Amino acid sequence: MTREAEKRRQKVVIVGGGITGSVLARELSSKLNQREHELLIDARPYAIWLIARARLVMEKGHHPGLEERAFVPHDKFGVHPESEKRPDKHDHSGFIVLEDGEKALYDASILATGSKCNGPADFPDDPARCLAHLEHWRAAFEKANDVVLVGGGGVGIELAGELKDYYSDKKVVYIVHGRDLLLNEQFPDKFRKLVNQELEATGVELVLGDYVATFPENSGGEVVFHPGNTLQADLVVPTYGPKPDTAWISEALGPNLLSPGGCVRVWPTLHP
C-alpha cells in the first residue's frame, strides 16, 4: 500500500476492549473494507466474561480451564488491535490521548468503556497483575472464617453463593445491605423476598437496613455500621454495584454530557 493510500485510510477507534467492544469490533471488521478502514481497540489484550467473576476469584481447581474460558483474547473474536493502551483523554477534534501521551487519531470513535468495579471484580489490565489479583483474593477467601460482603446486589449475592458452595459450613458469611430486601426496587418484592429466603436457607447471615460507616484496615477487623452497631470479621469485601467508567469523557466533552450517576445522557434515539 502506498503512503498516499495509507493516509486516506479511515480510522475507527473503539475505546474499551470488553465483550461489547470486542464483539462490535468483530462485526465491524467483517463489514469494513480493510484497504479503506483501520480498526483499533484501546484496552487490555483480552475481554473478560464478567458473569464468571465471582467464580473466578473463588476458583481452586473445581472448574479446570475456567480462566481460559473467562479471559478471551481479542484474536478469538477475529480482531487484532494495534493498541492495547488505556485511554487517558478523549478529544472531540479527532484524537484520543493514551496513558503514555501517545495520540491515536480517528475519523470515528465508539465508546465502550463499560463500568468500573471494586474489590474482587476490579480486574487489572495487565495479564500478570490480573493473575496475581485472582490469587490474592482466592487466598484471602480460603483463609478467612468470617466474611462480610458489603452490598446485597448481584455481585454480593453471587459471591455469597460461591462461598457457601466452595466452603459449605466452614465459613460465616454476612451480606450487609442498606435496603430491607436484597437487590433494588427494579426487581419485584416477591422475587427479592425469595432471594432473601434462599440465601438464608444456605446459612448466609443478612444484615439489612444498615450501612457500613467504617471499613477496617487490611480488610479484616471490626466493622462499624452507620447506626453504631459493630461486627467482627476476618475479611470485609466491597461488593456494591459498579459505576460507569465514564469520568474521563466529561473532561474532554464537557460535564453536562453525564448524569449525576456517571451515565451518558442520551435522547430517546440513544444519541448523546
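These notebook entries record what I looked up in one predicted model.

Basis. I worked from a predicted model in which local features need pLDDT of at least 70 and side-chain atom pairs count only at pLDDT 80 or more, while totals for chains, interfaces and linings use all residues. Residues are numbered from 1 along each chain as its sequence is written, and side-chain values use heavy atoms, with hydrogens and water left out.

I looked up strand β6 (residues 95–98); strands (E, at least two residues) and helices (H or I, at least four residues) are DSSP runs numbered from the N terminus. Phe95 and Val97 on one side of β6, and Ile96 and Leu98 on the other, are all buried, that is, under 20% relative accessible area with a 1.4 Å probe and protein chains only. I found β6 paired with β7 (residues 103–105) in the antiparallel sense over three bridges, where pairing requires at least two DSSP bridges between two strands. Val97 has Lys103 as its bridge partner. Four residues separate the two strands of this hairpin, and Gly101 in the turn has a positive phi of about 95 degrees.

I located His133 in helix α5 (residues 127–143). His133 counts as buried because its relative accessibility is 12%. Leaving aside residues up to four places away in sequence, I noted that His133 touches Gly119, Pro120, Asp122, Phe123 and Pro124, contact being heavy atoms within 4.5 Å.

I traced four strands in the order β12-β11-β10-β16, with parallel pairing. β12 (205–208) and β16 (235–238) stand at the edges with a single partner strand each, so one side of each has no neighbour in the sheet.

Conventions: Buried < 20%, exposed > 50% of the residue type's maximum accessible area, 1.4 Å probe, protein only.
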